[in-house]
Amino acid sequence: MNYNLAFDSRETDMSEQHATPVDTVLALVQRNSLTRLVGEALEKLILSGELSPGSKLNEAALAERLGVSRGPLREAFRTLAETGLIRQEKNRGAYVREIELAEAADIYDVRAGLDATAGRLLAGRITTAQLALLREFAAGMQRAAATNDVDAFHTLNLAFHDRIVEMTGNVALIDVYRRLVKQLALFRRRNLLAPRAIPHFADEHSAIVDRLAAGDGPGAAEALYQHAQGGRQRMLRDGELAAMPAAGEKHA
């Protein structure tokens, strides 16, 4: 991925020294816009895995790659640290955050509660158009299950749950939920669904849509909660198996 962001903060910083009040406001807006763009570019690199968990963020290399000075880059680091995607160490720099199994399990617990809340809220207000869209997602997952397309299923799964939360219109819920999902993306040992398990999970998504269509708030909440808890248990199982020594391997 190559980025070349539009603004150059070096010019902005110099112009501010002799700026009128209006110029200063414009420069501030420009700098904030640049910081946001830099943060979005870095987030994409992290969530795609190109910048892997635990890796150090090289300021010089990233500034050159994104076509910006280090000022907005450092501001973007601070923003991403607040969202939990990177960690900053004094006198050592910034690193992509690593999520351990126990922390990932805690995040899943919170996410399960948020999923349930979203289902309860949405069931009483969902529109015909929203239901049609969710049914499209569920049908897509059924097709992915039929062809054992794990990647397509994973993409649709993330979109399905994000859209349910978005449809609630609850800004606080949306913000917290998306932060947690991004943090879980850092857990690289998470299980990628085995093809044989996909049909079961596709059916669970279809059942969630049915409960939303029926206006069954408690039922939708329970279905979403149990679905998320199933993902948590699968993650714990696979994480524990990954930590076990291979057959014939000696214990340290």
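**Exercise 1. Helices H7 and H8**

Task: In this predicted model, how are H7 and H8 oriented relative to each other?

Solution:
1. Start with the description. Two packed helices are described by the angle between their axes and the distance between the axes.
2. Take the values. Helix H7 spans residues 150–167, and its axis comes within 8 Å of the axis of H8. The two axes cross at roughly 160°.
3. Apply the cut-off. Angles over 145 degrees count as roughly antiparallel.
4. Conclude. H7 and H8 are therefore roughly antiparallel to each other.

**Exercise 2. The H7–H8 contact**

Task: Which residues meet where H7 and H8 are in contact, and how do they divide by class?

Solution:
1. From H7, take His161, Asp162, Val165 and Glu166.
2. From H8, take Leu173, Ile174, Tyr177 and Arg178.
3. Sort by class. The contact has 4 nonpolar, 1 polar and 3 charged residues.

**Exercise 3. The second largest pocket**

Task: What volume does the second largest pocket have, and which helices supply its lining?

Solution:
1. The volume is about 230 Å³.
2. The lining has 13 residues; Gly39, Glu43, Thr79, Leu80 and Thr83 are the closest to the pocket centre.
3. Helices H2 (21–47), H4 (70–82) and H8 (171–185) each supply at least two lining residues. The largest share, 5 residues, comes from H2.
4. By class, the lining has 7 charged, 4 polar and 2 nonpolar residues.

**Exercise 4. Strands S1 and S2**

Task: How many bridges join S1 to S2, and what lies between these strands?

Solution:
1. S1 covers residues 86–89 and S2 covers residues 93–96.
2. The strands run antiparallel, joined by 4 bridges.
3. Ile86 stands opposite Val96 in S2.
4. Between the strands lie 3 residues, and S1 and S2 form a hairpin. In the turn, Asn91 has a positive phi of about 65°.

Terms used. Residues numbered from 1 in each chain as written. Predicted model: local features only at pLDDT ≥ 70, side-chain atom pairs only at ≥ 80, totals over all residues. Heavy atoms only, no water. 1 Å grid on protein atoms, 1.4 Å probe; cavity = no way out; pocket = protein on both sides within 12 Å on 5 of 7 lines; lining within 4 Å. Points joined across faces, edges and corners; volume = space filled by probe spheres on them. Nonpolar A, V, L, I, M, F, W, Y, C, P; charged D, E, K, R; others polar. Axes fitted to C-alpha atoms, helices over the stretch in contact; angles between N-to-C directions. Parallel < 35°, antiparallel > 145°, perpendicular 65-115°, else oblique. Contact = heavy atoms within 4.5 Å. Pairing = 2+ DSSP bridges.
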